[in-house]
Amino acid sequence: MKFQGSQNYVATQDLMLAVNAAITLKRPLLVKGEPGTGKTMLAEEVAQALGIPLLQWHIKSTTKAQQGLYEYDAVSRLRDSQLADVEGSERVKNIHNYIVKGVLWQAFTADQPMALLIDEIDKADIEFPNDLLRELDRMEFYVYETRELVKARHRPLVFITSNNEKELPDAFLRRCFFHYIKFPDADTMRLIIDVHFPGLKKDLLTAAMKTFYDVRNLPGLKKKPSTSELLDWLKLLVAEDIPLEALQSKDEKVSVPPLVGALLKNEQDVTLFEKLVFMQRHNR
């Protein structure tokens, strides 16, 4: 398997090299980067390009590593044992009926190679990555309730994303191939926009790009607008048929863009931007 990009995802050369390195080394690919830079979409596009199914595990603050392996539903079994008739008692005796397979179990026992996305691993408890070390390293785990060892038939292609909300343990990092998705430069951003908005008028694209980078490069922003927010903003500009003049200022100074709420997502950043515009207009 070798990833060479896709029509729906603009992958830089270093990103394609990282994906293929993880495949060669048979290690999880740990992808970091600003929110909205396409980390989750990368797993989806690689799986589609390679023609393999994708299982997704979206991590929350309450997620435990055990849930990725399996869960034993003891409560349901107890309830069924209390309510069961003669036929139902046979179901209760079979503990396999109360084992819920997690995404790792599904990926390990699939008949064909799978891709597995562990999305936003840094949202979970700090011990979460350590609890998965053995399973991701050896590609096997033990089910104590049924006394069976589950081994991977095919090693899945594992993608792990992180927004850097927490530091990941060194032992975990050692077992991954790491790649940081840099924020796209202007040329790469144009390619990304062309994928989503083919045929967008050149003048509108140029003006929108200038405004976007003016906003993004403003010092002191609490949250800089990302690629996904730029795409949302362009979608609104096209849908609302915003005239080109609304994006351009005659004196080349920064102005508050229309539909700025698609780019700036908190009141501090909006206020900061408005102050900059006010100061420029009054030459202070």
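Which side chain meets that of Glu140 in a salt bridge? In this predicted model, the partner is Arg134, with 4.0 Å from N to O.

**Salt bridges**

Side chains of opposite charge can pair when their charged atoms come close. The structure holds nine salt bridges, and three of them are set out here.

| Pair | Closest N to O distance |
|---|---|
| Arg216 and Glu34 | 2.6 Å |
| Asp214 and Lys210 | 2.9 Å |

Start with Arg216 and Glu34. Arg216 lies in helix α11 (residues 202-216), while Glu34 sits in the loop between β1 and α2 (39-50), so this pair ties together parts that are 182 residues apart in sequence. Arg216 is buried, because its relative accessible area is 6%, and Glu34 is partly exposed at 24%.

Asp214 and Lys210 tell another story: both belong to helix α11, four residues apart, which is about one turn of the helix. Asp214 is partly exposed at 27% relative accessibility, and Lys210 is partly exposed at 38%. Elsewhere, salt bridges with shared partners join Lys223, Glu229 and Lys265 into one network.

Back to the opening pair. Is Glu140 buried or exposed? Glu140 counts as buried, because its relative accessibility is 15% and the cut-off for buried is under 20%. Arg134 has 45% relative accessibility and counts as partly exposed.

**The nonpolar core**

Now look inside. The largest nonpolar core has 32 residues, and Leu104, Ile118 and Ile160 touch the most other members. Several elements give two or more residues to this core, including β2 (54-58), β5 (115-119) and β8 (157-162). The largest share, five residues, comes from α6.

**On the surface**

Which residues form a positive surface patch? They are Lys26, Arg27, Arg155 and Arg174. Of these, Lys26 is found in the loop between α1 (13-25) and β1 (29-33), and Lys26 counts as exposed because its relative accessibility is 56%.

There is a nonpolar surface patch too, made by Tyr142, Tyr144 and Leu149, with an area of about 350 Å². Leu149 belongs to strand β7 (residues 148-151) and is partly exposed, with a relative accessible area of 43%.

Finally, find Leu78 in helix α4 (residues 74-83). Leu78 has 51% relative accessibility and therefore counts as exposed, since the cut-off is over 50%. From Leu78 to Arg134 there are 56 residues in sequence and 31 Å in space, C-alpha to C-alpha.

Conventions:
Residues are numbered from 1 along each chain as its sequence is written. This is a predicted model: local features need pLDDT of at least 70, side-chain atom pairs count only at pLDDT 80 or more; totals for chains, interfaces and linings use all residues. Side-chain values use heavy atoms; hydrogens and water are left out. Patches are made of residues with over 30% relative accessible area and no salt bridge: like charges are joined within 9 Å, nonpolar side chains (Val, Leu, Ile, Met, Phe, Trp, Tyr) within 5 Å. Accessible areas come from the Shrake-Rupley method with a 1.4 Å probe; for residues, only the protein chains shown count as cover. Lys and Arg count as positive and Asp and Glu as negative; His and the chain ends are not counted. The place of a charge is taken as NZ of Lys, CZ of Arg, CG of Asp or CD of Glu. Buried means under 20% relative accessible area, exposed over 50%, partly exposed in between (1.4 Å probe, protein chains only). A nonpolar core is a set of buried Ala, Val, Leu, Ile, Met, Phe, Trp, Tyr and Cys residues joined through side-chain atoms within 4.5 Å.
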